[in-house]
Amino acid sequence: MSQLQLKSRSGENATINDETLTAFQQGVRGRLARPGSEDYDQARTIWNAMIDRRPGLVVRCAGAADVVRAVRFAGKHGLVLAVRGGGHNIAGNALCDGGLLIDLSLMKSVRVDPARRTARVEPGVTLGEFDREAQAFGLATPLGINSTTGVAGLTLGGGFGWLSRRLGLTIDNLLSADVVTADGELVRASEQENAELFWGIRGGGGNFGVVTSFEFRLHQVGPTVLSGLIIHPLDAARDVLRFHRDFVANAPEEFVCWFVMRKAPPLPFLAPEWHGKEILALAVCYSGNIEEGERVAKRLRAFGKPLADVIAPTPYVAWQTLLDPLLTPGVRNYWKSHDFAGLSDGFIDALVDHARRIPDPMTEIACAQLGGAVSRVPRGATAYTHRDGQYVLNVHGRWEDPAKDAACIAWARSLFQAVTPFATGGAYVNFLTQDEPERVRAAYGENYDRLVALKNKVDPTNLFGVNQNIRPTV
Ligand SMILES: Cc1cc2nc3c(=O)[nH]c(=O)nc-3n(C[C@H](O)[C@H](O)[C@H](O)COP(=O)(O)OP(=O)(O)OC[C@H]3O[C@@H](n4cnc5c(N)ncnc54)[C@H](O)[C@@H]3O)c2cc1C
């Protein structure tokens with residue numbers, strides 16, 4: 001190795017000489033990668049192809065000890081520091097330009113304890129990997145809906161998916177975490193130990209340290225759930241969604257229904273003349289008893305004249321990957337998101353209006369349903385505060401050709417503006433893009449000041465600054 005110039009937090013470059021670099025390499029069990037190294041590009045390639053950042057040095061960590069060494073190294077040399085879990089974050093916060101990258105993606109262990117119904121999960125694990133291990137015992141914890149997402153970032157921002165109305169957010173099922181703090185110490189955070197840190201990492205993202213291990217509570221789920229899609233023409237969307245909002249308001253918490261507006265992909269169960277036409281898809285999952293689920297879903301399935309209804313008993317792990325083909329890595333993405341207390345007529349109208357003008361076949365309007373167990377946790381109990389939001393809208397601007405950047409981004413922003421009057425003003429930190437740091441405060445609402453106080457205490461120099469940043473004030 002030879003001398004390296006790395007970006008420091010003061011804005012200057014820090015010179016790392018050969019001797020220092022060699023000692024660093026010898027001290028880690030994983031490996032260092034730098035521009036030109038064999039696996040450098042692999043380490044800096046993330047889900048959103050619009051993000052193209054070049055860290056000056058990557059530590060491909062093999063375990064917690066490597067993370068401790070890397071954090072101390074970054075602290076000692078004053079380096080810009082980024083932390084990569086699954087690399088799915090839309091804003092690209094897994095990467096920095098010129099600084100040090102702590103790459104956790106090779107830390108892949110999942111250890112399920114079926115008797116205690118808990119799991120220990122390392123921070124490079126994806127949702128699909130965790131689900132496969134836990135489902136071998138008929139167990140699961142609430143995660144997201146795309147199996148390649150990282151458990152780490154998803155958990156640190158809150159985390160919700162098909163099980164959340166019944167079992168809460170991912171963080172509501174976090175029992176403890178091992179955290180490397182800004183001074184390079186490995187501590188355990190739980191309700192009993194470092195309780196304020198534990199409060200902060202449940203929604204506060206990577207602002208307070210690097211999590212090297214998560215301990216989750218597991219629940220009996222499936223292994224078969226009743227799930228699938230009901231597809232309507234977009235022209236029917238106003239009526240279907242008005243029916244849907246009343247229907248789901250009274251549905252049991254095992255039942256969840258997200259909806260998506262987009263141009264129809266060439267699905268085998270959809271008549272070819274509908275391929276490429278605008279549709280509304282209801283994505284349904286009932287995670288309780290199958291017969292009971294059939295009974296609950298009956299009225300929704302009977303409404304209107306769906307183009308397709310493919311709801312059926314499905315292995316939970318398969319359902320967890322069903323939307324993957326629509327969310328593949330490597331294309332351009334620009335998202336906008338809002339929280340909603342309900343589906344008002346004006347909100348529905350604005351969605352349908354923009355759905356008619358969707359700028360690309362990959363682009364979609366997705367709306368997640370929350371409530372239930374998520375809303376029963378007090379707003380101040382964890383850093384994630386917007387417990388009363390019943391829906392989270394995610395405008396998935398998604399396309400391949402860079403020439404379409406301006407049109408697709410403009411469409412996403414236009415829809416975001418059109419629905420703003422109907423939104424709560426809250427935001428989900430995991431869906432924020434890189435160009436809206438002013439929304440971080442909104443994402444934390446009344447918990448923001450407490451988060452700043454914690455940041456002042458545990459990371460006053462903002463070593464952990466490449467994230468949806470809670471800036472220290474000391
Ligand atoms: C296609 C797609 C589908 C999604 N679906 C859902 C969904 O259904 N539900 C949902 O809740 N969210 C969903 N998300 C959002 C997802 O939760 C966030 O993108 C999340 O940040 C991804 O985590 P990651 O580890 O893959 O990301 P990364 O990009 O690696 O990291 C995200 C942030 O967390 C920090 N971080 C990562 N690991 C650690 C760690 N161990 N310690 C400290 N900081 C760390 C990073 O520094 C970065 O700031 C989805 C995202 C995508 C792209």
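Which residues line the largest cavity?

## Cavity

The model is predicted. Its largest cavity is lined by Gly 157, Gly 203, Tyr 384, Ala 427, Tyr 428, Val 429, Ala 443 and Tyr 444. Sorted by class, this lining comprises six nonpolar and two polar residues, with no charged residues. The volume of the largest cavity is about 40 Å³. With a threshold of 30 Å³ or more, the count comes to one cavity.

Rolling a probe the size of a water molecule over the atoms shows where empty space is left.

## Second largest pocket

The second largest pocket has a volume of about 320 Å³. Its lining is made up of 18 residues. Those that lie nearest the centre of this pocket are Pro 437, Val 440, Asn 467, Gln 468 and Asn 469.

What is the make-up of the lining of the second largest pocket by class? There are five nonpolar, eight polar and five charged residues.

## Helix α8 against helix α9

Two packed helices are described by the angle between their axes and the distance between the axes. Helix α8 covers residues 237–249 and helix α9 covers residues 290–302. They pack at an angle of about 160°, and their axes are 10 Å apart. An angle over 145 degrees counts as roughly antiparallel, so α8 is roughly antiparallel to α9. The crossing of α8 past α9 is right-handed.

On the α8 side, the contact is made by Phe 243, His 244 and Phe 247. On the α9 side, Val 296, Ala 297, Arg 299 and Leu 300 take part. By class, the contact of α8 with α9 has five nonpolar residues, one polar and one charged.

## Helix α8 against helix α11

Helix α8 also packs with helix α11, which spans residues 345–355. Here the angle is about 145° and the axes lie 10 Å apart. The crossing of α8 and α11 is right-handed.

Which residues of α8 make the contact with α11? They are Ala 237, Arg 238, Leu 241, Arg 242 and Arg 245. From α11, the contact involves Asp 345, Ile 348, Asp 349 and Val 352. By class, the contact of α8 with α11 has four nonpolar and five charged residues, and no polar ones.

## Helix α11 against helix α13

Helix α13 is formed by residues 405–419. The axes of α11 and α13 come within 9 Å and cross at roughly 165°. The two helices are therefore roughly antiparallel to each other. Their crossing is right-handed.

In α11, the residues that meet α13 are Phe 347, Ala 350, Leu 351 and His 354. Their partners in α13 are Trp 411, Ser 414, Leu 415, Ala 418 and Val 419. The contact of α11 with α13 divides into seven nonpolar and two polar residues, with no charged ones.

## Backbone features in loops

The peptide bond from Gly 222 to Pro 223 is cis, and its omega is near 5°. Pro 223 lies in the loop between β13 (219–220) and β14 (224–233).

Where is Arg 117 found? Arg 117 sits in the loop between β7 (110–113) and β8 (118–121). Phi of Arg 117 is near 55°, which is a positive value in a residue other than glycine.

Terms used
Residues numbered from 1 in each chain as written. Predicted model: local features only at pLDDT ≥ 70, side-chain atom pairs only at ≥ 80, totals over all residues. Heavy atoms only, no water. 1 Å grid on protein atoms, 1.4 Å probe; cavity = no way out; pocket = protein on both sides within 12 Å on 5 of 7 lines; lining within 4 Å. Points joined across faces, edges and corners; volume = space filled by probe spheres on them. Nonpolar A, V, L, I, M, F, W, Y, C, P; charged D, E, K, R; others polar. Axes fitted to C-alpha atoms, helices over the stretch in contact; angles between N-to-C directions. Helix = DSSP H or I, 4+ residues; strand = E, 2+ residues; numbered from the N terminus. Parallel < 35°, antiparallel > 145°, perpendicular 65-115°, else oblique. Left-handed = near helix turned anticlockwise from the far one by under 90°. Contact = heavy atoms within 4.5 Å.
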